[in-house]
Amino acid sequence: MRIAVIDGMGGGLAAQVVNQLAGRLPQHAELIGLGTNALATAAMLKAGVKRGATGENAVCVSAATADFIIGPIGIIIPNAMMGEITPRIAEAVGSSSAKKILLPVSQNHFEIVGVEPRSLAALVKEAVTRILTLVEAEGQ
């Protein structure tokens, strides 16, 4: 089972997710960090992923083989995250057969209606709880 955490910018959101997931996943689950830049990948490696990769091609190739993808909602929106999410990344993530757990983090150029504003810490906690539940269900 492969769980891909995708982030850009400084990788802070993904690092928080990885920090809370590390050590809580079953042995058969592989947690990988995919950064749109080296800083994001480094943050995930420091937080506890065993393997990490950087850049558009790494994200696209790895998204195709992931069972679960976790990241900010911007990873499925072309040109989000100050342009770090290329149209190719957005398409690869959106088209992946992986179950996606997306955190509704605000972006300057779009708004999500019907989602109550919550702190990043609350969103990360909920995402981690959800992925642990899904991984447990897959393992049975």
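Biologist: In what order do the elements of the chain run from the N terminus on?

Modeller: This is a predicted model. The chain has 5 helices and 5 strands. Read from the N terminus, the order of these elements is β-α-β-α-β-α-β-α-β-α.

Biologist: What radius of gyration does the chain have, and why is it called as compact as a globular protein of that length?

Modeller: The globule rule gives 14 Å for 140 residues, and the chain comes close to that value, so it is as compact as a globular protein of that length. Along the principal axes, the C-alpha atoms fill a box of roughly 40 × 35 × 30 Å. The radius of gyration of the chain is 14 Å.

Biologist: Among contacts between residues at least 6 apart in sequence, what percentage join residues at least 24 apart?

Modeller: A contact here requires heavy atoms within 4.5 Å. Counting the contacts between residues at least 6 apart in sequence, the share that joins residues at least 24 apart is 71%.

Biologist: What percentage of the residues in the chain is buried?

Modeller: A residue counts as buried when its relative accessible area is under 20%. The chain exposes about 7,100 Å², and carbon and sulfur atoms supply 53% of that area. Of the 140 residues, the buried ones make up 44%.

Biologist: How far apart do the centres of the positive and negative side chains lie?

Modeller: The chain carries 11 positive and 11 negative side chains. The distance between the centres of the two sets is 6 Å.

Biologist: Which parts of the chain does the salt bridge between Glu 30 and Arg 2 tie together?

Modeller: The side chains of Glu 30 and Arg 2 meet in a salt bridge at 3.2 Å, N to O. Glu 30 lies in strand E2 (residues 30–35) and Arg 2 in strand E1 (residues 2–7), so this pair ties together parts 28 residues apart in sequence. Both ends are partly exposed, Glu 30 with a relative accessible area of 26% and Arg 2 at 22%. The parts tied together are strand E2 and strand E1.

Biologist: Which strand holds Arg 51, which is paired with Glu 30?

Modeller: Glu 30 also forms a salt bridge with Arg 51, with the closest N and O atoms 2.7 Å apart. Arg 51 counts as partly exposed at 43% relative accessibility. The pair links distant parts of the chain, 21 residues apart, with Glu 30 in strand E2 and Arg 51 in strand E3.

Biologist: How far apart are the closest N and O atoms of Arg 118 and Glu 126?

Modeller: The structure holds 4 salt bridges, and one of them joins Arg 118 to Glu 126. Arg 118 is partly exposed at 36% relative accessibility, and Glu 126 is partly exposed at 44%. Their closest N and O atoms are separated by 2.5 Å.

Biologist: Is Ala 38 buried or exposed?

Modeller: Ala 38 has its place in helix H2 (residues 38–47). The cut-off for exposed is over 50% relative accessible area. Ala 38 has 54% relative accessibility, so this residue counts as exposed.

Definitions and conventions
Residues are numbered from 1 along each chain as its sequence is written. This is a predicted model: local features need pLDDT of at least 70, side-chain atom pairs count only at pLDDT 80 or more; totals for chains, interfaces and linings use all residues. Side-chain values use heavy atoms; hydrogens and water are left out. Helices (H or I, at least four residues) and strands (E, at least two) are DSSP runs, numbered from the N terminus. The radius of gyration is taken over C-alpha atoms; the globule rule is 2.2 Å times the number of residues to the power 0.38. Buried means under 20% relative accessible area, exposed over 50%, partly exposed in between (1.4 Å probe, protein chains only). Accessible areas come from the Shrake-Rupley method with a 1.4 Å probe; for residues, only the protein chains shown count as cover. Lys and Arg count as positive and Asp and Glu as negative; His and the chain ends are not counted. The place of a charge is taken as NZ of Lys, CZ of Arg, CG of Asp or CD of Glu.
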